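Please examine the sequence and the structure shown below.

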Amino acid sequence: MQQAMTPGIARLGLTASSPNNFIPCCHQSYPSLPFIVPSSPNRRILPVPGRRKSRLSSRVVRGLGAQSVVAPMEVAKESDGVNRSLYSLIEPYSTGFLKVSDVHSLYWEQSGNPTGHPVVFLHGGPGGGTSPSNRRFFDPEFYRIILFDQRGSGKSTPHACLEENTTWDLVADIEKLREHLEIPEWQVFGGSWGSTLALAYSQSHPEKVTGIVLRGIFLLRKKEIDWFYEGGASAIFPDAWEPFRDLIPENERDCLVGAYSKRLNSDDMETQYAAARAWTKWEMMTAHLLPNEENIKRGDDDNFSLAFARIENHYFVNKGFFPSDSFLLENIDKIRHINTVIVQGRYDVCCPMMSAWDLHRAWPEADFRVIPDAGHSANEPGIAAELVAATEKLKNLIKN
């Protein structure tokens, strides 16, 4: 999302320098969402802060294989004394641009404690860029907080550029930034696409990672792309789906990701902008459990939408530049030893819980926290609270 040709690209017969290549068809397969969570010491199902405390009531469901599972009915509010409130907004103490290739320069910033424990924030999309609120998940007295905009995103240049823009380019960029800032090792924090990149980076450089926080798990498998972009999620958001679908003529709807790729790489900028707005609004309208008008309005921002839609689509057309569909799950052993917290909204439509569930099953050692009344966005109250709690947990492990 370094080389002119990666295994994933070679398998597809595509090149990173040829953004107009696209997958001609998609065979749809819409997965069902899990509704049960196995009993595990590392598994928590947590309420939104401020909800009235209730007793935990559960029933054991049998007949689903050798392992019994617990279906939660009511969940008690945790009283572990851990801070779950977002920290106050702070300003960076240093910013800059790092030239990572002949084409790309990345915006980066540091905030918090200059001598604190380093943590790098990996934004979503790909193409979403960072925002000042991203700093608020971390204790600024303890953490040295590093944010950067990935290739083509946010303040990085050139804007919305797909050239030399692959997952493995981004993994290399993270290492270049770490070395540039003279950081021996750091904690990694990523949500949505950021969770994909966090896993890819950590599996490539496990010796540089002190801990991981993941949110809204996205493993970039075919069934995940099909679910959200080929019609599965339309069963939940048919009103938001129709404008996204209807931009594409009926005779091209057998693969909407491919059809959008043609338009997002059109020589006509108005065609690009129209496709970018439709693509972005679809995601913005489905990212929260309850509609968030401020988030939806981001789809009207042509500058944001163009980078968001073009880069996302580029990565999805190229299957994340991974050599196999389950590449990230297949390489969990490389990071199994790293202290990790996974936070997942139960009703996440963009990155449905099946992916977090699959990751949990492959990596039971990680602390798995399911938020029962939340969707996808990191800004939803329950998810934000548990992300702060996760960084607090890793902070306390380091301090102790």
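How many bridges join strand 5 to strand 7? Five bridges join strand 7 to strand 5 (residues 105-112), and the two run antiparallel. Helices (H or I, at least four residues) and strands (E, at least two) are DSSP runs numbered from the N terminus, and two strands pair if DSSP finds at least two bridges between them. This is a predicted model, in which local features need pLDDT of at least 70 and side-chain atom pairs count only at pLDDT 80 or more, while totals for chains, interfaces and linings use all residues. Residues are numbered from 1 along each chain as its sequence is written, and side-chain values use heavy atoms, with hydrogens and water left out.

Strand 7 is also joined by five bridges to strand 6 (residues 117-122), here in parallel. Leu-147 of strand 7 is the bridge partner of Glu-109 and of Phe-121. Six of the six residues of strand 7 (residues 143-148) are buried, that is, under 20% relative accessible area with a 1.4 Å probe, protein chains only. Tyr-143, Ile-145 and Leu-147 point one way from the strand, and Arg-144, Ile-146 and Phe-148 the other way.

The loop between strand 7 and helix 2 (167-180) holds Lys-155. Beyond its neighbours within four places in sequence, Lys-155 is in contact (heavy atoms within 4.5 Å) with Phe-97, Tyr-107 and Asp-149. The C-alpha atoms of Lys-155 and Tyr-107 are separated by 5.8 Å, although the two residues lie 48 residues apart along the chain.

Definitions and conventions:
Buried < 20%, exposed > 50% of the residue type's maximum accessible area, 1.4 Å probe, protein only.
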